Amino acid sequence: MGKIAAAIWVVVLYILNSVFVQIISVNGHMPDLLLAFLVVFSFMKRRFSAVSYMTIICALLNGAITGRVFLVVAMVMGAAGMIAYNSSNYLRFIHEGVRIAGVTFCMAFIGEVFEHFFAYHTLTISSVLSNALPDAVYTAVVSWIIYLIVKKTSFKNEDKQLLMIEERVGE
């Protein structure tokens with residue numbers, strides 16, 4: 001994925017996440033689109049520098065959305081980017097989309113729980129089950145959709161390029 005394609009993805013998802021909230025929300029629950037894209041990007045990109053830049057950009061933009069707790073969102077986004085990048089080489093026998101959805105679900109759930117706690121200064125089982133869990137599931141489903149779109153459009157030749165580089169290095 002090139003820099004321009006990644007920038008277009010981030011801008012479009014940021015606008016969807018911040019402006020068109022009512023269109024993509026289901027029963028008041030909204031996915032964290034930038035988190036989903038960051039996890040997909042971190043899983044699929046092999047260069048640490050590109051992943052770290054994208055993590056910083058997504059964390060700043062996601063934290064700047066109105067109604068979000070900036071520090072919590074930025075920390076969860078940073079952790080999500082690094083966890084996704086580091087875990088992309090593990091459990092290879094599980095499909096990449098399932099691993100992406102799992103990491104996205106866990107990080108979205110943790111982020112929603114912490115945001116709820118810092119916003120309302122309380123944490124109950126009903127708030128976790130009624131707020132954090134549906135948002136995390138919705139974010140995981142959206143990450144699977146983003147993964148399928150990105151895999152078909154932007155990363156279709158990435159494995160072939162890596163194979164060619166490995167052959168050249170091996171000679």
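**Entry 1: the end of H6**

I began where helix H6 stops: His-121 follows H6, and its phi is positive, near 55°. I note here that this is a predicted model. Next I checked the length of H6, which covers residues 96-120. Its 25 residues, at 1.5 Å a residue, should span 36 Å.

**Entry 2: salt bridges**

How many salt bridges does a search of the whole structure find? I got three. In general, side chains of opposite charge can pair when their charged atoms come close. I took the pairs one by one.

**Entry 3: Asp-32 and Arg-68**

Asp-32 forms a salt bridge with Arg-68, and the closest N and O atoms are 3.4 Å apart. Asp-32 sits in the loop between helix H2 (21-24) and helix H3 (33-44). Arg-68 sits in the loop between helix H4 (48-63) and helix H5 (70-87). The two are 36 residues apart in sequence, so the pair ties those parts together.

Then I looked at cover. Asp-32 has 8% relative accessibility, so I logged Asp-32 as buried. Arg-68 has 22%, so Arg-68 counts as partly exposed.

**Entry 4: Glu-115 and Arg-68**

I found Arg-68 again, now with Glu-115: their side chains meet in a salt bridge at 3.0 Å, N to O. Glu-115 lies in helix H6 and Arg-68 in the loop between H4 and H5, so this pair ties together parts 47 residues apart in sequence. Is Glu-115 buried or exposed? Its relative accessible area is 10%, so Glu-115 is buried.

**Entry 5: Lys-151 and Glu-96**

The side chains of Lys-151 and Glu-96 also meet in a salt bridge, at 3.9 Å, N to O. This pair links distant parts of the chain. Lys-151 is in helix H7, Glu-96 is in helix H6, and they are 55 residues apart. Lys-151 is partly exposed because its relative accessible area is 29%. Glu-96 is buried because its value is 13%.

Salt bridges with shared partners join Asp-32, Arg-68 and Glu-115 into one network.

**Entry 6: a nonpolar patch**

Which residues make the nonpolar surface patch of about 610 Å²? I listed Ile-125, Leu-129, Leu-133, Val-137, Val-141, Ile-145 and Ile-149. I picked out Ile-149, which is placed in helix H7 (residues 125-153). Ile-149 counts as partly exposed because its relative accessibility is 40%.

How values were computed: Residues numbered from 1 in each chain as written. Predicted model: local features only at pLDDT ≥ 70, side-chain atom pairs only at ≥ 80, totals over all residues. Heavy atoms only, no water. Patch = residues over 30% accessible without salt bridge, like charges linked within 9 Å, V, L, I, M, F, W, Y side chains within 5 Å. Areas by Shrake-Rupley, 256 points an atom, 1.4 Å probe, with all protein chains shown as cover. Salt bridge = Lys/Arg side-chain N within 4 Å of Asp/Glu carboxyl O. Helix = DSSP H or I, 4+ residues; strand = E, 2+ residues; numbered from the N terminus. Buried < 20%, exposed > 50% of the residue type's maximum accessible area, 1.4 Å probe, protein only. Expected span 1.5 Å × (residues − 1).
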